[in-house]
Amino acid sequence: MSIADTGMNFSLNRVAAMVRRYWYLLRSSWPRILDLIYWPTVQMLMWGFLQLYISQNAGFFARAGGVFIGSVLLWDILFRGQLGFSISFLEEMYARNLGNIMMSPLRPTEFLLALMIMSIVRLSIGMIPVSLLAIAFFGFNLWALGLALAAFFANLILTSWSVGIFVAGLLLRNGLGAESMAWTIMFLFLPLTCVYYPVAVLPEWLQYLAWALPPTYVFEGMRALVIDHAFRADLMVEAFAFNVVLFAAASLAFLKLLESARVHGSLLLTGE
Amino acid sequence: MDAQNTSVIAVDRLVKRYKGVAAVDGISFRLARGTVTGLLGGNGAGKTTTIAMIMGLVTPTSGTVTVLGAEMPRERHRVLHRMNFESPYVDMPMRLTVRQNLSVFAQLYAVPDIGERIASLAADLDLIEFLDRPTGKLSAGQKTRVSLAKSLLNKPEVLLLDEPTASLDPDTADWVRSRLEQYCKDRGATVLLASHNMSEVERLCERVIIMKKGRIEDDDTPERLLSRYSRETLEEVFLDVARGRRQSEAAQ
């Protein structure tokens, strides 16, 4: 047994064990896999056909082809990234396995890293087929965004992990009573990060709040790219800076909530 | 060398309060290496909270818990790989097969030669035919044996067992006890066993700590408890303590 595996230090071996555990679960259940693809496909088709209809009747939308589909695909990266993280965590609570995990040598940082990896795995299973369907149905090629897509993805996934980490802390502290937060918290970002419209649409006072949220920069950047064919690197850098702050705040909140869960004895009894 | 240094588990003036109510109220005890100790008490006596604090899952309100020289929960990562537990409050993931579950936990505990360890435990605990079945499809007794296998994966020096034979039929329970007895004998592990089953405690434990309302009411060997209370069985001793009868009254 190496020192790295004894619990004294960070261990990639323990991260791999947790990823393996979630992978076994995912592949044992076809409804779980179907669920990853089903809703993003429905969303993409609905917004794609809506955009097709509008573009046939309005000059601006004819010029801005792909904005809605781009928005919905990027929104799904944000939403599904967080959901992929939170659902893997919830699986431990549903299985009453959290006590086993928390009593094992697994460190909180290793647990969180495993959840982040699983959020990418789950996201890939859902988003790759959907992005290919978007090409087939509407001729919108998300992959053609190239480097910009990498910047959008990195910023969105960072935000989704921050929210996922915070929700995991809430679940540890409050048990399954906080489950609804896992499903709904990201919807607060939907109007505020201006997924489907420019920030300028918001009242001025709300724009300050919108610009404090990293995904706002990504959606503005995507519109600049699709409509004006300009990649706004400045927006991506600003988004990354806000993401660093958000990630640090979420990690700190998680550790505080975990500490509080130990004080309140919530780690063994994680029911309602 | 003082007692604290020689003890594998040292609990000192331990208190846990939830919203002002004491679940554990100032208990102290030390467990020496290679001993098996029973923790008895009625529902709400504080057994599970005590074990949870020893495991580092619950932070004490005051007092200290030291396991293998590490203060819990602050230094838990120094020793968690040398401990393990089994409890009715946790389950193994139901959709995973027994083999998958055991291999995931073996990897978490950095068990060398995982395949061989699982095969050996499966043979010892009569799990070979269930290894590739989903854990959720097993009977209660089979699941308990899987949980026991999980708790022995890393050959722990400290084993915490919270009602390990609850909900098992007498035959399976007896079978599990004999496996535990064998493990303790072979490994020289220090075991703390919370149980409602007095015959189990009599058979496995060389020392019994009886808790009531968060406090330790008595602490002795089973033989001396029987003698002091002038009783034939630990169950009678337990009832005397639970109903507040003193040793002198019980003897009359």
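Just after helix H6 of chain B, B:Gly188 takes a positive phi of about 65 degrees. The model is a predicted one. Helix H6(B) itself covers residues 170–187 and has 18 residues. From its first C-alpha to its last, H6(B) reaches 26 Å, close to the 26 Å expected at 1.5 Å a residue.

**Confidence**

The model scores ipTM 0.88 and pTM 0.89. Chain B has a mean pLDDT of 89. In chain B, 95% of the residues reach 70 or more. Where is confidence in chain B lowest, and where is it highest? It is lowest in helix H1(B), residues 3–6, with a mean of 55. It is highest in H3(B), at 97. Where pLDDT is low, the predicted coordinates should not be read in detail.

**The sheet of chain B**

In chain B, 6 strands form an open sheet. Their order is S6-S7-S8-S3-S9-S10, and the pairing is mixed. Which strands stand at the edges? They are S6(B), residues 83–86, and S10(B), residues 215–220. Each has a single partner strand, so one side of each is left without a neighbour in the sheet. From one strand to the next, the twist averages 15 degrees.

| Strand pair | Bridges | Direction |
|---|---|---|
| S6(B) and S7(B) | 4 bridges | parallel |
| S7(B) and S8(B) | 5 bridges | parallel |
| S3(B) and S9(B) | 5 bridges | parallel |

B:Phe85 stands opposite B:Leu160 in S7(B). B:Leu161 has B:Leu193 as its bridge partner in S8(B). B:Leu40 has B:Ile210 as its bridge partner in S9(B).

Now look at strand S7(B). Of its 5 residues, 5 are buried, so S7(B) is largely enclosed by the rest of the structure. Its side chains can be sorted by direction. B:Val158, B:Leu160 and B:Asp162 point one way, while B:Leu159 and B:Leu161 point the other way. All of these are buried.

**Helices on the sheet**

Helix H5(B), residues 140–152, packs on the sheet. H5(B) touches S6(B) and S7(B), and its direction makes about 170 degrees with that of S6(B). Helix H9(B), residues 234–242, lies across S3, S9 and S10 of chain B. H9(B) runs at about 30 degrees to S9(B).

**Where the chains meet**

How many residues does each chain give to the contact? Chain B gives 30 residues and chain A gives 32 residues. On the side of chain B that touches chain A, two or more residues come from each of helix H2(B), residues 47–55, and helix H3(B), residues 98–108. H3(B) supplies the largest share of that side, 5 residues. By class, this side of chain B has 20 nonpolar, 7 polar and 3 charged residues.

**One residue in chain A**

A:Thr159 is found in helix H7(A), residues 147–174. Is A:Thr159 buried or exposed? It has 26 C-beta neighbours inside 10 Å, so A:Thr159 counts as buried; the cut-off for buried is 20 or more. Leaving aside neighbours within four places in sequence, A:Thr159 is in contact with A:Leu78, A:Pro214, A:Pro215, A:Asn243 and A:Leu246. A:Thr159 and A:Phe242 are 83 residues apart in sequence. In space, their C-alpha atoms are 9.1 Å apart.

How values were computed:
Residues are numbered from 1 along each chain as its sequence is written. Chains are lettered from A and ligands numbered from 1 in the order in which they are written. This is a predicted model: local features need pLDDT of at least 70, side-chain atom pairs count only at pLDDT 80 or more; totals for chains, interfaces and linings use all residues. Two residues are in contact if their C-beta atoms, placed from the backbone, lie within 7 Å. Ala, Val, Leu, Ile, Met, Phe, Trp, Tyr, Cys and Pro count as nonpolar, Asp, Glu, Lys and Arg as charged, and the others, Gly among them, as polar. pLDDT is the predictor's confidence in each residue, from 0 to 100. Two strands pair if DSSP finds at least two bridges between them. Axes are lines fitted to C-alpha atoms, for helices over the stretch in contact, and angles run from 0 to 180 degrees between N-to-C directions. The expected span of a helix is 1.5 Å times one less than its number of residues. A residue is buried if 20 or more other C-beta atoms lie within 10 Å of its own, exposed if 12 or fewer, and partly exposed in between; C-beta atoms are placed from the backbone.
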